[in-house]
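Visitor: Could you show me how to read a protein model, one feature at a time?
Guide: Gladly; let us look at the picture together.

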Amino acid sequence: MSEFDLSSPDIAGLSRRYPAVMQPTPMGRILTAAFVIFLLALVVFGVWWLEFDFQRVRSGMGKLGQFVVLMFPPASDGQGFSYFKALGETLAIALLGTLLGAVLAFPLGVLAATNVIPNWIFRFGLRRSLDVVRSVDTLVWALIWINVVGLGPFAGVLAIASSDLGAFGKIFAETIEGASKKGVEGVRSTGGTKLHEVRFGLLPEVLPVILGQILYFFESNTRSASIIGIVGAGGIGLHLYEQIRTVEWQSVCYIVIMILITVAIIDYISTKLRSVIAGRGAGNRGS
């Protein structure tokens with residue numbers, strides 16, 4: 001028998017535990033069908049309102065094919081060193097921006113967690129502030145910081161950090177709220193203060209998860225840092241924009257391949273590091 005087969009006792013037990021799923025009421029079926037119809041209607045309305053024209057997409061595929069042909073073979077046109085230098089700048093922007101955003105967001109995430117700060121008014125204000133910061137895209141933050149500090153990679157670092165600040169704050173707070181209470185209760189039973197509960201009972205539980213999230217964001221921010229260079233925030237994006245603007249498709253392909261290989265390497269290393277961190281975190285919880 002397959003491991004996915006369910007015997008009658010299993011089905012009976014599931015029916016008792018999840019009656020709404022196993023034995024839905026007529027009203028529940030009606031509400032589910034109404035929700036699905038609403039989503040389909042919303043999709044149809046969106047296609048109509050945004051004036052989707054699939055005929056234009058089909059006719060434009062020929063032009064896309066021409067661009068692909070013009071891209072090969074990739075060529076640097078003697079600017080390979082400049083491209084690699086700009087790519088290194090992009091990686092530095094992503095790394096520094098991610099670390100700065102994480103460092104600034106960590107205390108805010110701790111203060112926004114329910115099991116750390118019980119005052120809901122303070123937490124509500126802090127979380128809504130993080131939502132406001134998080135709602136602004138990285139490219140918009142780049143445009144803002146360029147007008148504040150001028151063109152260059154420094155604006156790119158601040159743009160990445162600003163965008164990550166809101167996202168990290170929300171993720172850190174949710175991670176802390178989902179942590180096990182055993183460590184905190186153990187510290188409390190020994191007469192520890194609230195600060196001791198957070199430092200010795202809570203942080204060792206959540207730090208491996210937080211480190212894994214930071215690594216994932218660094219991988220994602222490498223792609224973002226490649227784009228914000230287009231508006232003057234430093235990195236490889238400016239070279240990519242210039243080659244597209246001058247219709248140098250072979251150089252565009254060369255730069256794109258460089259970015260793809262870099263992101264693939266970072267993804268591989270980040271995945272391995274996250275696995276190691278997750279394994280150590282599981283070992284700490286089990287001990």
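Guide: Let us begin with helices: helices (H or I, at least four residues) and strands (E, at least two) are DSSP runs, numbered from the N terminus. Please keep in mind that this is a predicted model, where local features need pLDDT of at least 70, side-chain atom pairs count only at pLDDT 80 or more, and totals for chains, interfaces and linings use all residues. Residues are numbered from 1 along each chain as its sequence is written, and side-chain values use heavy atoms, with hydrogens and water left out.

Visitor: How many helices and strands does the protein chain have?
Guide: The protein chain has 12 helices and 0 strands.

Visitor: What is a salt bridge, and how many are there by this rule?
Guide: A salt bridge is a side-chain nitrogen of Lys or Arg within 4 Å of a carboxyl oxygen of Asp or Glu. The count by this rule is 6. Take D131 and R134, whose closest N and O atoms are 2.6 Å apart. These two sit 3 residues apart in helix α6 (residues 120–134), so about one helical turn separates them. R128 joins D131 and R134 in a network of salt bridges.

Visitor: Where do K170 and E174 lie?
Guide: Both belong to helix α8, 4 residues apart, which means a separation of about one helical turn.

Visitor: Is S76 buried or exposed?
Guide: Buried means under 20% relative accessible area, exposed over 50%, and partly exposed in between (1.4 Å probe, protein chains only). S76 has a relative accessible area of 18%, so S76 is buried. You will find S76 in the loop between α4 (54–71) and α5. Contact means heavy atoms within 4.5 Å. Leaving out residues up to four places away in sequence, S76 touches Y83, S251 and Y254.

Visitor: Which residues touch the most other members of the largest nonpolar core?
Guide: A nonpolar core is a set of buried Ala, Val, Leu, Ile, Met, Phe, Trp, Tyr and Cys residues joined through side-chain atoms within 4.5 Å. In the largest one, of 18 residues, they are V116, F168, F172, I176, V206 and I214. Helices α5 (80–111), α8 (153–177) and α10 (194–228) each give at least two residues to this core, and α10 has the largest share, 7 residues. I214 touches T98, A102, F168 and F172, again not counting residues up to four places away in sequence. A second, separate core has 14 residues, including W141 and A225.
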